[in-house]
Amino acid sequence: PMIDPNRKPRALVIEDGEHLAFLLGYMLEREGFDDETLRDGRQAAHHIAAAAPPDVVLLDLMLPYLDGFELLGLVRAHPRWKRVPVVVLSARSGEGDVVRALQGGANDFVRKPYRPRELLARLRRVMDSADEAA
């Protein structure tokens with residue numbers, strides 16, 4: 001579905017680090033996004049099962065209860081969520097984690113600490129690609 005230019009794009013942030021979640025929310029709001037933050041894997045799993053899909057997901061890998069890899073699997077298995085672009089954010093930057101995230105369906109992988117303008121450029125790129133595929 002094309003993103004309506006008259007509506008703010010919706011970003012879902014799944015990040016347990018309080019400081020980082022706050023900074024991501026601030027950055028997204030300043031860029032014109034509506035954002036929602038979930039702080040652990042269990043909350044996120046319930047949200048994926050019940051809520052309308054956002055326009056983009058920013059997903060941390062290291063989360064309480066369910067990790068980012070498990071959540072990515074839930075997103076890609078859900079009929080309404082499966083096309084939502086997912087950008088993985090992680091301090092775990094070993095090649096194995098990057099490959100596993102991309103093979104699991106992530107649209108991009110950004111290492112922490114990230115640079116805000118680069119992260120925003122990557123978010124916009126995956127959202128544009130999703131629009132073109134729709």
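This is a predicted model: local features need pLDDT of at least 70, side-chain atom pairs count only at pLDDT 80 or more; totals for chains, interfaces and linings use all residues.

Me: Where does Asp55 lie, and is Asp55 called buried or exposed?

Reply: Asp55 belongs to the loop between helix 2 (41-50) and strand 3. Its relative accessibility is 14%, and buried means under 20%, so Asp55 counts as buried.

Me: Why is Val88 called buried?

Reply: The same cut-off of under 20% applies. Val88, found in strand 4, has a relative accessibility of 0%, and therefore counts as buried. Leaving aside neighbours within four places in sequence, Val88 is in contact with Leu59, Leu61, Ala101, Ala106, Asp108, Phe109 and Val110. Phe69 is 19 residues from Val88 in sequence, and their C-alpha atoms are 9.4 Å apart in space.

Me: How do you know that strand 4 and strand 5 pair?

Reply: Two strands pair if there are at least two bridges between them. Strand 4 (residues 86-90) and strand 5 have 4 bridges, so they meet that condition, and they do so in the parallel sense. Across this pairing, Val88 stands opposite Phe109 in strand 5.

Me: What about strand 1: which strands does it pair with?

Reply: Strand 1 pairs in the parallel sense with strand 2 (residues 34-38) over 5 bridges, and 4 bridges join it to strand 3 (residues 56-60), also in parallel. Ile14 stands opposite Leu38 in strand 2, while the bridge partner of Leu12 in strand 3 is Val57. Strand 1 itself (residues 10-14) is mostly covered, with 4 of its 5 residues buried. From strand 1 the chain crosses through helix 1 (residues 18-30) to strand 2, and this β-α-β crossover is right-handed.

Me: What makes strand 2 and strand 5 edge strands?

Reply: The open sheet has 5 strands in the order 2-1-3-4-5, with parallel pairing. Strand 2 and strand 5 (108-111) each have a single partner strand, so one side of each is left without a neighbour in the sheet. Neighbouring strands of this sheet are turned by 20 degrees against each other on average, direction ignored. Helix 1 packs on the sheet, touching strand 1, strand 2, strand 3 and strand 4. Helix 2 packs on the sheet too, touching strand 1 and strand 2.

Me: Why are helix 2 and helix 3 called roughly parallel?

Reply: Angles under 35 degrees count as roughly parallel. The axes of helix 2 and helix 3 (residues 68-77) cross at roughly 0 degrees and come within 10 Å, and the two helices are therefore roughly parallel to each other. Gly41, Ala44, Ala45 and Ile48 of helix 2 make the contact with Leu71, Leu74 and Val75 of helix 3.

Conventions
Residues are numbered from 1 along each chain as its sequence is written. Side-chain values use heavy atoms; hydrogens and water are left out. Buried means under 20% relative accessible area, exposed over 50%, partly exposed in between (1.4 Å probe, protein chains only). A crossover is right-handed if, with the strands pointing away from the viewer, the path from the first strand over the helix to the second runs clockwise. Axes are lines fitted to C-alpha atoms, for helices over the stretch in contact, and angles run from 0 to 180 degrees between N-to-C directions. Angles under 35 degrees count as roughly parallel, over 145 as roughly antiparallel, 65 to 115 as roughly perpendicular and the rest as oblique. Contact means heavy atoms within 4.5 Å.
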